[in-house]
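Me: I would like to go through this model with you. Could you start with the sheet?

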There are 2 protein chains.
Amino acid sequence: MEERYNAYSFLLDRTARRVKQFAQRRFKEMGFNITVDQWLVLKQLYEREQLKQNELAGLVFKDNPTLTRIIDLLCEKGLTERNTHPDDRRCFMVSLTKRGRSKVREMLPSIQEVRLKAWEGLSERDFNQFRRILNKIYENLGDDMQP
Amino acid sequence: MEERYNAYSFLLDRTARRVKQFAQRRFKEMGFNITVDQWLVLKQLYEREQLKQNELAGLVFKDNPTLTRIIDLLCEKGLTERNTHPDDRRCFMVSLTKRGRSKVREMLPSIQEVRLKAWEGLSERDFNQFRRILNKIYENLGDDMQP
DNA sequence: CATAAATAGTTGTCATACTAATTATTAATG
DNA sequence: CATTAATAATTAGTATGACAACTATTTATG
């Protein structure tokens, strides 16, 4: 009976890990020298120019401490920078540096190539089902946190 | 175009994290005082009595260093023990202690209760689809590692 | 306006994940 | 049989993830 809980959370966890691991190894092979999570952040910044760490964290679904550290690393690599917000001294506006933008442009084509492997033998319909189910689970376990 | 890769790996990762987080919070509420990953290991040992760390790592799909640390923690908590293998001094046979077994028996009923929440509004069919797709992705990205 | 509450970000701690390198032991091979 | 391979487990280093506690600043409120 309790098999099912084990089954789904276990499969979910191990597949998520393998996907990330697979992508990470390709990143390494291609000499990208950043992590998959760092890539997600760069990608968002590339699309939206300027973001508060806050907003960025929401977009990539990471918590603030995790994002702080990712931004720290990206700044050390010279790919992003923190600029003070004109009206609110509590927050930073994060943006890509010149090198950050060219990094994203360098990586974009290869990223497209990476994604296909996972979906071999699966259909468009499978993808839609998959997305629907993942989102449903995500919502079911929502962080409702009423105070 | 490359949306899809982002979409699936991103959804997968965030859902997997939320599922683990949800379970972990329930564990905390119930005062279990172990992590979800530690639970997986205890569960396997409960079902199979004695296992080499090696075999255990395979069953829970974790690598050796990760498993070593989980076993370290479980031993510190007095839930597992390492015994020398009679024929092979390289490996340990890991097993539950008395306290480990009663811990598993204490937790089992509540675990069943935890699992349901995630699947609200999803069908048996959904579950099967989900499992099939996860496994397919897992296999597609297999660790083929030919030397 | 003064104080309390909320917000943005950081820091610290512990656990897990992946990689690489190391030790000890056993198995394979010339 | 001696040397090399392979195997089991560990250790070390870096990154992420969750949580709690903290600082600085801004907003709400009485």
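Reply: This is a predicted model. In chain A, an open sheet of 3 strands has the order β1-β3-β2, and the pairing is antiparallel.

Me: Which strands stand at the edges?
Reply: They are β1 (50-52) and β2 (80-84) of chain A. Each has a single partner strand, so one side of each is left without a neighbour in the sheet.

Me: And how much are neighbouring strands turned against each other?
Reply: By 35° on average, with direction ignored.

Me: How many bridges join β2(A) to β3 of chain A?
Reply: There are 5 bridges between β2(A) and β3 (residues 92-96) of chain A, and these strands run antiparallel. A:Asn83 stands opposite A:Met93 in β3(A).

Me: Which strands does helix α2 of chain A touch?
Reply: Helix α2 (residues 36-48) of chain A packs on the sheet and touches β1, β2 and β3 of chain A. The direction of this helix makes about 95° with that of β3(A).

Me: What about helix α4 of chain A?
Reply: Helix α4 (residues 64-76) of chain A also packs on the sheet, touching β2 and β3 of chain A. Its direction makes about 110° with that of β2(A).

Me: Switching to chain B: at what angle do the axes of α2 and α4 cross?
Reply: At roughly 85°, and the axes come within 10 Å. α2(B) and α4(B) are therefore roughly perpendicular to each other. The contact is made by B:Asp37, B:Gln38, B:Val41 and B:Leu42 of α2(B), together with B:Ile70, B:Leu73 and B:Leu74 of α4(B).

Me: Last topic, the contact between the chains. How many residues does it take from each?
Reply: It takes 41 residues from chain A and 41 residues from chain B. On the chain B side, α1(B) gives the most, with 16 residues.

Terms used: Residues are numbered from 1 along each chain as its sequence is written. Chains are lettered from A and ligands numbered from 1 in the order in which they are written. This is a predicted model: local features need pLDDT of at least 70, side-chain atom pairs count only at pLDDT 80 or more; totals for chains, interfaces and linings use all residues. Two residues are in contact if their C-beta atoms, placed from the backbone, lie within 7 Å. Helices (H or I, at least four residues) and strands (E, at least two) are DSSP runs, numbered from the N terminus. Axes are lines fitted to C-alpha atoms, for helices over the stretch in contact, and angles run from 0 to 180 degrees between N-to-C directions. Angles under 35 degrees count as roughly parallel, over 145 as roughly antiparallel, 65 to 115 as roughly perpendicular and the rest as oblique. Two strands pair if DSSP finds at least two bridges between them.
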